[in-house]
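Here's a quick walk through a few spots in this protein chain. Have the sequence and the 3D view open while you read.

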Amino acid sequence: MEDSIEAVDFISKLSEPILLHRILSFLYNKEIARTSVLSKTWLQAWKTVPILKFDIRAIILENSDHWRNVQEIFNLFEQIFLNRRKQIISLIKFKLVMSYNLSIDPESASFMGRCIGYALERNVKHLKIRFGPTILAERHVHCVPQALLNAILVQDLDLSYYDNAISKLIFDLVNPVKFHVRNIARLERLEIEAPNLHSLTLHGSIWASVLKVACLKILKSLAVYRAPISDKWLQVQFNKFPHLESLSLRECHILESIKISSSSLHKLCIKSCEKVARVQIHTPNLHIFPYRGDIISSSSNDLILLEIHLYIESNNMEISWYIILIELLSKFNQYFKIVTLKSQTGESYIIPSQLRQLLPPPLHKVKELKLSTNSGGKCPIAELVDAMLGISPHLERLYLSTYVKSSFKGAGNVVTAISYYFDSREL
(Lines give C-alpha, C1' and ligand atoms only; values in the text may rest on other atoms or scores of the structure.)
Protein backbone atom coordinates (compact mmCIF):
# COMPACT_ATOMS: atom_id res chain seq x y z
CA MET A 1 0.00 0.00 0.00
CA GLU A 2 1.36 3.33 -0.98
CA ASP A 3 1.69 5.91 1.70
CA SER A 4 -0.61 8.83 1.21
CA ILE A 5 -0.07 12.33 2.48
CA GLU A 6 -3.16 14.31 3.27
CA ALA A 7 -2.90 18.09 2.99
CA VAL A 8 -3.71 19.72 6.29
CA ASP A 9 -4.51 23.40 6.81
CA PHE A 10 -2.49 23.93 9.98
CA ILE A 11 -3.01 27.71 9.87
CA SER A 12 -6.78 27.36 10.13
CA LYS A 13 -6.34 25.04 13.12
CA LEU A 14 -4.57 27.72 15.12
CA SER A 15 -6.48 29.07 18.08
CA GLU A 16 -8.57 32.14 17.27
CA PRO A 17 -6.62 34.59 19.50
CA ILE A 18 -3.44 33.82 17.54
CA LEU A 19 -5.18 34.49 14.24
CA LEU A 20 -6.67 37.72 15.51
CA HIS A 21 -3.82 39.26 17.38
CA ARG A 22 -0.70 37.99 15.64
CA ILE A 23 -1.46 37.37 11.99
CA LEU A 24 -4.29 39.72 11.04
CA SER A 25 -2.90 42.58 13.11
CA PHE A 26 -0.21 43.15 10.46
CA LEU A 27 -2.69 43.53 7.59
CA TYR A 28 -4.99 46.26 6.31
CA ASN A 29 -8.68 45.40 6.11
CA LYS A 30 -8.55 44.87 2.35
CA GLU A 31 -5.89 42.20 2.83
CA ILE A 32 -7.73 40.69 5.79
CA ALA A 33 -10.87 40.38 3.67
CA ARG A 34 -8.96 38.29 1.13
CA THR A 35 -8.10 35.72 3.80
CA SER A 36 -11.79 35.20 4.56
CA VAL A 37 -12.20 33.02 1.47
CA LEU A 38 -9.66 30.47 2.76
CA SER A 39 -11.93 28.77 5.27
CA LYS A 40 -14.75 29.31 7.76
CA THR A 41 -12.15 29.83 10.48
CA TRP A 42 -10.56 32.68 8.55
CA LEU A 43 -13.98 34.13 7.73
CA GLN A 44 -14.96 34.23 11.40
CA ALA A 45 -11.57 35.69 12.29
CA TRP A 46 -12.07 38.50 9.75
CA LYS A 47 -15.50 39.33 11.09
CA THR A 48 -14.31 39.60 14.69
CA VAL A 49 -10.76 40.96 14.39
CA PRO A 50 -10.31 43.74 17.00
CA ILE A 51 -8.07 45.78 14.71
CA LEU A 52 -9.35 47.95 11.85
CA LYS A 53 -7.08 49.71 9.32
CA PHE A 54 -8.84 51.74 6.62
CA ASP A 55 -6.59 53.37 4.02
CA ILE A 56 -9.01 55.28 1.77
CA ARG A 57 -6.11 56.81 -0.15
CA ALA A 58 -4.59 53.43 -1.08
CA ILE A 59 -7.95 51.97 -2.09
CA ILE A 60 -8.63 54.87 -4.45
CA LEU A 61 -5.13 54.75 -5.99
CA GLU A 62 -5.13 50.99 -6.52
CA ASN A 63 -8.76 50.59 -7.61
CA SER A 64 -9.60 53.81 -9.41
CA ASP A 65 -11.41 51.93 -12.20
CA HIS A 66 -13.42 49.72 -9.83
CA TRP A 67 -15.00 52.33 -7.59
CA ARG A 68 -17.47 54.63 -9.33
CA ASN A 69 -17.26 57.15 -6.51
CA VAL A 70 -15.82 57.40 -3.06
CA GLN A 71 -19.27 57.12 -1.52
CA GLU A 72 -19.27 53.41 -2.37
CA ILE A 73 -16.14 52.98 -0.25
CA PHE A 74 -17.77 54.90 2.58
CA ASN A 75 -20.87 52.69 2.36
CA LEU A 76 -18.76 49.53 2.52
CA PHE A 77 -17.02 50.64 5.69
CA GLU A 78 -20.29 51.83 7.21
CA GLN A 79 -21.67 48.31 6.70
CA ILE A 80 -18.65 46.88 8.52
CA PHE A 81 -19.33 49.23 11.43
CA LEU A 82 -23.02 48.23 11.49
CA ASN A 83 -22.24 44.50 11.55
CA ARG A 84 -19.69 44.92 14.31
CA ARG A 85 -22.15 46.94 16.39
CA LYS A 86 -24.72 44.17 16.14
CA GLN A 87 -22.19 41.59 17.34
CA ILE A 88 -20.74 43.93 19.99
CA ILE A 89 -17.20 43.32 18.76
CA SER A 90 -14.46 45.05 20.71
CA LEU A 91 -11.86 47.29 19.07
CA ILE A 92 -8.27 47.62 20.23
CA LYS A 93 -6.62 49.46 17.34
CA PHE A 94 -8.08 51.72 14.67
CA LYS A 95 -6.19 53.45 11.85
CA LEU A 96 -7.80 55.73 9.26
CA VAL A 97 -5.92 57.27 6.32
CA MET A 98 -7.98 59.73 4.30
CA SER A 99 -7.11 60.48 0.69
CA TYR A 100 -5.09 63.46 -0.46
CA ASN A 101 -7.43 63.85 -3.42
CA LEU A 102 -10.92 63.59 -1.93
CA SER A 103 -13.18 66.40 -2.99
CA ILE A 104 -14.08 68.99 -0.40
CA ASP A 105 -17.61 68.05 0.67
CA PRO A 106 -19.46 67.68 3.98
CA GLU A 107 -20.02 63.95 3.44
CA SER A 108 -16.28 63.17 3.45
CA ALA A 109 -15.84 65.13 6.66
CA SER A 110 -18.94 63.50 8.14
CA PHE A 111 -17.70 60.00 7.28
CA MET A 112 -14.40 60.69 9.00
CA GLY A 113 -16.27 61.87 12.06
CA ARG A 114 -18.41 58.72 12.13
CA CYS A 115 -15.32 56.52 11.88
CA ILE A 116 -13.71 58.24 14.83
CA GLY A 117 -16.99 58.18 16.72
CA TYR A 118 -17.34 54.43 16.18
CA ALA A 119 -13.76 53.82 17.36
CA LEU A 120 -14.30 55.83 20.54
CA GLU A 121 -17.67 54.15 21.08
CA ARG A 122 -15.91 50.75 21.07
CA ASN A 123 -13.39 52.03 23.65
CA VAL A 124 -10.45 51.86 21.23
CA LYS A 125 -7.05 51.91 22.92
CA HIS A 126 -4.79 52.78 19.96
CA LEU A 127 -6.09 55.42 17.54
CA LYS A 128 -4.19 56.72 14.49
CA ILE A 129 -5.72 59.28 12.11
CA ARG A 130 -4.18 60.81 8.99
CA PHE A 131 -6.10 63.53 7.22
CA GLY A 132 -5.64 64.61 3.61
CA PRO A 133 -5.16 68.30 2.79
CA THR A 134 -8.55 68.82 1.21
CA ILE A 135 -10.54 67.16 3.99
CA LEU A 136 -9.77 69.88 6.49
CA ALA A 137 -10.34 72.88 4.27
CA GLU A 138 -11.25 76.23 5.78
CA ARG A 139 -15.01 75.74 5.84
CA HIS A 140 -14.77 72.20 7.24
CA VAL A 141 -12.54 72.74 10.26
CA HIS A 142 -15.42 71.49 12.42
CA CYS A 143 -14.86 67.97 11.06
CA VAL A 144 -12.37 67.22 13.84
CA PRO A 145 -14.84 65.72 16.34
CA GLN A 146 -14.88 67.15 19.83
CA ALA A 147 -14.95 63.57 21.11
CA LEU A 148 -11.49 63.09 19.61
CA LEU A 149 -10.11 66.13 21.37
CA ASN A 150 -11.35 64.72 24.68
CA ALA A 151 -10.65 61.04 24.07
CA ILE A 152 -11.02 59.48 27.49
CA LEU A 153 -10.13 55.81 27.08
CA VAL A 154 -7.57 56.07 24.26
CA GLN A 155 -4.06 55.11 25.40
CA ASP A 156 -2.14 55.77 22.16
CA LEU A 157 -3.28 58.73 20.02
CA ASP A 158 -1.51 59.58 16.75
CA LEU A 159 -2.73 62.47 14.57
CA SER A 160 -1.26 63.53 11.26
CA TYR A 161 -2.55 66.58 9.39
CA TYR A 162 -1.58 67.54 5.84
CA ASP A 163 -3.58 70.73 6.03
CA ASN A 164 -3.33 74.48 5.94
CA ALA A 165 -6.42 75.45 7.89
CA ILE A 166 -6.35 73.96 11.40
CA SER A 167 -5.45 76.80 13.72
CA LYS A 168 -6.24 75.50 17.21
CA LEU A 169 -6.13 72.13 18.92
CA ILE A 170 -6.88 71.67 22.61
CA PHE A 171 -6.59 68.23 24.14
CA ASP A 172 -7.79 67.17 27.57
CA LEU A 173 -6.60 63.58 27.71
CA VAL A 174 -7.11 61.46 30.80
CA ASN A 175 -5.74 58.02 29.93
CA PRO A 176 -3.39 58.29 26.91
CA VAL A 177 0.15 57.15 27.59
CA LYS A 178 1.36 57.96 24.04
CA PHE A 179 0.44 61.02 21.99
CA HIS A 180 1.80 61.95 18.55
CA VAL A 181 0.97 65.12 16.60
CA ARG A 182 2.56 65.34 13.14
CA ASN A 183 2.71 67.66 10.13
CA ILE A 184 0.50 70.48 11.36
CA ALA A 185 1.11 73.14 8.78
CA ARG A 186 -0.38 76.33 10.27
CA LEU A 187 -1.21 75.53 13.84
CA GLU A 188 -1.38 78.67 15.95
CA ARG A 189 -2.30 77.17 19.31
CA LEU A 190 -1.73 73.74 20.83
CA GLU A 191 -2.73 72.91 24.39
CA ILE A 192 -2.20 69.50 25.95
CA GLU A 193 -3.28 68.37 29.38
CA ALA A 194 -2.66 64.69 30.03
CA PRO A 195 -1.75 63.63 33.55
CA ASN A 196 -0.98 60.00 32.57
CA LEU A 197 1.04 60.72 29.42
CA HIS A 198 4.33 58.82 29.14
CA SER A 199 5.35 59.60 25.53
CA LEU A 200 4.87 62.81 23.51
CA THR A 201 5.96 63.33 19.90
CA LEU A 202 5.60 66.76 18.26
CA HIS A 203 6.43 66.83 14.55
CA GLY A 204 5.92 69.87 12.36
CA SER A 205 7.85 72.41 10.33
CA ILE A 206 5.72 75.36 11.47
CA TRP A 207 5.40 75.56 15.24
CA ALA A 208 2.42 76.70 17.23
CA SER A 209 2.90 80.28 18.42
CA VAL A 210 1.16 79.26 21.64
CA LEU A 211 2.13 75.88 23.06
CA LYS A 212 0.92 74.94 26.51
CA VAL A 213 1.59 71.63 28.23
CA ALA A 214 0.20 70.93 31.67
CA CYS A 215 0.07 67.98 34.04
CA LEU A 216 2.83 66.05 32.25
CA LYS A 217 4.84 65.35 35.37
CA ILE A 218 5.25 61.62 34.64
CA LEU A 219 6.32 62.12 31.00
CA LYS A 220 9.17 59.73 30.18
CA SER A 221 9.78 60.30 26.46
CA LEU A 222 9.75 63.55 24.46
CA ALA A 223 10.55 63.74 20.73
CA VAL A 224 10.55 67.01 18.80
CA TYR A 225 11.06 66.88 15.02
CA ARG A 226 11.42 69.72 12.50
CA ALA A 227 10.28 72.34 14.95
CA PRO A 228 11.51 75.94 15.26
CA ILE A 229 12.03 75.71 19.02
CA SER A 230 14.42 78.09 20.77
CA ASP A 231 17.07 77.46 23.41
CA LYS A 232 14.85 79.15 26.01
CA TRP A 233 11.77 77.10 25.05
CA LEU A 234 13.68 73.84 25.43
CA GLN A 235 15.11 74.77 28.82
CA VAL A 236 11.76 75.98 30.20
CA GLN A 237 9.82 72.95 28.95
CA PHE A 238 12.48 70.44 29.98
CA ASN A 239 12.28 71.60 33.58
CA LYS A 240 8.59 70.61 33.61
CA PHE A 241 9.42 66.94 33.08
CA PRO A 242 11.33 65.71 36.15
CA HIS A 243 11.01 62.03 35.18
CA LEU A 244 12.02 62.32 31.51
CA GLU A 245 14.16 59.35 30.41
CA SER A 246 14.45 59.95 26.66
CA LEU A 247 14.81 63.22 24.72
CA SER A 248 15.07 63.33 20.92
CA LEU A 249 15.69 66.53 18.95
CA ARG A 250 15.82 66.27 15.16
CA GLU A 251 16.10 68.98 12.50
CA CYS A 252 15.38 71.74 15.01
CA HIS A 253 17.20 74.41 13.04
CA ILE A 254 16.80 77.33 15.45
CA LEU A 255 18.49 75.63 18.40
CA GLU A 256 22.01 76.91 19.01
CA SER A 257 22.87 75.86 22.55
CA ILE A 258 21.48 72.87 24.45
CA LYS A 259 21.76 72.91 28.23
CA ILE A 260 20.35 69.95 30.14
CA SER A 261 20.57 68.89 33.75
CA SER A 262 18.75 65.70 34.71
CA SER A 263 19.34 62.66 36.89
CA SER A 264 16.61 60.63 35.15
CA LEU A 265 17.66 61.06 31.49
CA HIS A 266 18.94 57.79 29.97
CA LYS A 267 18.97 58.66 26.26
CA LEU A 268 19.71 61.95 24.49
CA CYS A 269 19.43 62.07 20.69
CA ILE A 270 20.48 65.16 18.70
CA LYS A 271 20.36 64.86 14.92
CA SER A 272 20.68 67.40 12.10
CA CYS A 273 20.10 70.49 14.26
CA GLU A 274 22.34 72.52 11.98
CA LYS A 275 22.89 75.59 14.18
CA VAL A 276 23.70 73.76 17.41
CA ALA A 277 27.24 74.72 18.39
CA ARG A 278 27.31 73.85 22.08
CA VAL A 279 25.93 71.03 24.23
CA GLN A 280 26.23 71.30 28.01
CA ILE A 281 24.84 68.36 29.95
CA HIS A 282 24.83 67.21 33.53
CA THR A 283 23.21 63.79 33.21
CA PRO A 284 24.90 61.21 35.45
CA ASN A 285 22.60 58.39 34.30
CA LEU A 286 22.84 59.03 30.56
CA HIS A 287 23.69 55.77 28.76
CA ILE A 288 22.98 56.35 25.06
CA PHE A 289 23.94 59.43 23.03
CA PRO A 290 23.30 59.40 19.24
CA TYR A 291 24.51 62.59 17.55
CA ARG A 292 24.50 63.69 13.91
CA GLY A 293 25.84 67.02 12.73
CA ASP A 294 28.97 69.14 12.62
CA ILE A 295 31.49 69.34 15.45
CA ILE A 296 30.10 70.86 18.63
CA SER A 297 31.58 72.32 21.78
CA SER A 298 30.58 70.13 24.69
CA SER A 299 30.95 69.82 28.42
CA SER A 300 29.65 67.21 30.83
CA ASN A 301 30.01 65.99 34.39
CA ASP A 302 29.70 62.51 35.91
CA LEU A 303 28.99 60.94 32.51
CA ILE A 304 29.38 57.19 31.91
CA LEU A 305 28.06 56.27 28.48
CA LEU A 306 27.36 52.69 27.47
CA GLU A 307 26.82 53.62 23.82
CA ILE A 308 27.59 56.64 21.70
CA HIS A 309 26.78 57.04 18.02
CA LEU A 310 28.51 59.91 16.24
CA TYR A 311 27.68 60.87 12.66
CA ILE A 312 30.02 63.79 12.10
CA GLU A 313 29.47 65.61 8.81
CA SER A 314 30.85 68.89 7.52
CA ASN A 315 31.49 70.73 4.27
CA ASN A 316 34.73 72.23 5.54
CA MET A 317 37.17 69.54 6.70
CA GLU A 318 40.42 71.51 6.91
CA ILE A 319 43.30 71.00 9.36
CA SER A 320 41.66 73.29 11.93
CA TRP A 321 38.45 71.24 11.71
CA TYR A 322 40.30 68.00 12.44
CA ILE A 323 42.01 69.61 15.44
CA ILE A 324 38.60 70.44 16.91
CA LEU A 325 37.38 66.91 16.13
CA ILE A 326 40.32 65.42 18.03
CA GLU A 327 39.62 67.72 20.99
CA LEU A 328 35.96 66.68 21.00
CA LEU A 329 36.71 62.96 20.93
CA SER A 330 39.35 63.39 23.63
CA LYS A 331 36.84 64.99 25.97
CA PHE A 332 34.59 61.96 25.82
CA ASN A 333 37.35 59.35 25.71
CA GLN A 334 36.98 58.27 29.34
CA TYR A 335 33.20 57.96 29.09
CA PHE A 336 32.94 55.60 26.12
CA LYS A 337 32.57 51.85 26.39
CA ILE A 338 31.25 51.20 22.88
CA VAL A 339 31.79 53.79 20.16
CA THR A 340 29.97 53.80 16.84
CA LEU A 341 31.22 56.27 14.23
CA LYS A 342 29.15 56.93 11.12
CA SER A 343 29.97 58.85 7.97
CA GLN A 344 28.98 59.11 4.35
CA THR A 345 32.42 58.01 3.10
CA GLY A 346 34.58 57.69 6.23
CA GLU A 347 36.79 60.63 5.23
CA SER A 348 35.77 62.71 8.23
CA TYR A 349 37.59 60.26 10.53
CA ILE A 350 40.82 59.98 8.53
CA ILE A 351 43.03 62.24 10.61
CA PRO A 352 45.78 63.90 8.49
CA SER A 353 49.19 62.29 9.06
CA GLN A 354 50.80 65.50 10.33
CA LEU A 355 48.22 65.74 13.11
CA ARG A 356 48.61 62.07 14.04
CA GLN A 357 52.31 62.75 14.62
CA LEU A 358 51.70 65.88 16.72
CA LEU A 359 48.60 65.03 18.78
CA PRO A 360 47.85 62.00 20.99
CA PRO A 361 45.14 59.54 19.86
CA PRO A 362 41.78 60.87 21.06
CA LEU A 363 40.20 57.48 21.92
CA HIS A 364 43.18 55.69 23.40
CA LYS A 365 41.05 54.06 26.15
CA VAL A 366 38.43 52.62 23.82
CA LYS A 367 38.61 48.85 23.27
CA GLU A 368 35.69 48.36 20.84
CA LEU A 369 34.97 50.57 17.85
CA LYS A 370 32.43 50.41 15.03
CA LEU A 371 32.58 52.37 11.78
CA SER A 372 29.67 52.54 9.35
CA THR A 373 29.83 54.28 5.96
CA ASN A 374 27.08 54.79 3.40
CA SER A 375 29.13 54.75 0.21
CA GLY A 376 31.83 52.15 -0.03
CA GLY A 377 34.72 52.25 -2.46
CA LYS A 378 35.76 55.88 -2.09
CA CYS A 379 38.05 55.08 0.83
CA PRO A 380 39.90 51.73 0.67
CA ILE A 381 39.24 49.35 3.55
CA ALA A 382 42.91 49.33 4.51
CA GLU A 383 42.90 53.11 4.79
CA LEU A 384 39.80 53.08 7.01
CA VAL A 385 41.29 50.41 9.29
CA ASP A 386 44.48 52.43 9.61
CA ALA A 387 42.45 55.55 10.41
CA MET A 388 40.56 53.77 13.20
CA LEU A 389 43.82 52.50 14.71
CA GLY A 390 45.14 56.03 14.55
CA ILE A 391 42.15 57.27 16.56
CA SER A 392 42.12 54.33 18.97
CA PRO A 393 45.46 52.48 18.98
CA HIS A 394 44.53 50.06 21.79
CA LEU A 395 41.51 48.60 20.04
CA GLU A 396 40.72 44.95 20.62
CA ARG A 397 37.73 44.74 18.28
CA LEU A 398 36.93 46.73 15.17
CA TYR A 399 33.69 46.40 13.19
CA LEU A 400 33.43 48.03 9.79
CA SER A 401 30.31 48.06 7.63
CA THR A 402 29.93 49.69 4.24
CA TYR A 403 27.87 49.59 1.07
CA VAL A 404 29.34 48.62 -2.26
CA LYS A 405 27.66 49.32 -5.60
CA SER A 406 28.25 46.67 -8.24
CA SER A 407 27.07 46.49 -11.83
CA PHE A 408 25.85 43.21 -13.31
CA LYS A 409 24.90 42.67 -16.92
CA GLY A 410 21.14 42.69 -17.24
CA ALA A 411 20.59 43.61 -13.60
CA GLY A 412 21.86 47.17 -13.45
CA ASN A 413 23.43 48.57 -10.30
CA VAL A 414 23.18 46.48 -7.16
CA VAL A 415 23.95 47.91 -3.71
CA THR A 416 25.30 45.37 -1.25
CA ALA A 417 25.98 45.76 2.46
CA ILE A 418 29.35 44.34 3.50
CA SER A 419 30.55 43.92 7.06
CA TYR A 420 34.07 43.29 8.30
CA TYR A 421 35.33 42.24 11.71
CA PHE A 422 38.90 42.67 12.83
CA ASP A 423 40.53 41.42 16.00
CA SER A 424 42.88 44.37 16.29
CA ARG A 425 45.28 42.43 18.47
CA GLU A 426 46.15 40.38 15.38
CA LEU A 427 46.62 43.33 13.03
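## A few residues to look at

Let's begin with Ser248: setting aside neighbours within four places in sequence, Ser248 is in contact with Leu222, Ala223, Val224, Tyr225 and Cys269. Keep in mind that this is a predicted model. Ser248 sits in strand β11, which covers residues 246-250. Is Ser248 buried or exposed? With a relative accessible area of 9%, Ser248 is buried, because buried means under 20%.

Now for two residues in loops. Arg226 lies in the loop that links β10 (221-225) to α8 (231-238), while Ser272 is found in the loop between β13 (267-271) and β14 (278-282). What is the phi of Arg226? It is near 50 degrees, a positive value in a residue other than glycine. Ser272 also isn't glycine, and its phi is positive too, near 55 degrees.

On to the surface. Ile319, Ile323, Leu358 and Leu359 make up a nonpolar patch there, and together they have about 330 Å² of accessible area. One of these residues, Ile323, belongs to helix α9, which runs over residues 319-332.

How much of each residue is accessible?

| Residue | Relative accessible area | Class |
|---|---|---|
| Arg226 | 43% | partly exposed |
| Ile323 | 31% | partly exposed |
| Ser272 | 27% | partly exposed |

Why is Ile323 called partly exposed? Its relative accessible area is 31%, and partly exposed is the class between under 20% (buried) and over 50% (exposed).

Terms used
Residues numbered from 1 in each chain as written. Predicted model: local features only at pLDDT ≥ 70, side-chain atom pairs only at ≥ 80, totals over all residues. Heavy atoms only, no water. Patch = residues over 30% accessible without salt bridge, like charges linked within 9 Å, V, L, I, M, F, W, Y side chains within 5 Å. Areas by Shrake-Rupley, 256 points an atom, 1.4 Å probe, with all protein chains shown as cover. Salt bridge = Lys/Arg side-chain N within 4 Å of Asp/Glu carboxyl O. Helix = DSSP H or I, 4+ residues; strand = E, 2+ residues; numbered from the N terminus. Buried < 20%, exposed > 50% of the residue type's maximum accessible area, 1.4 Å probe, protein only. Contact = heavy atoms within 4.5 Å.
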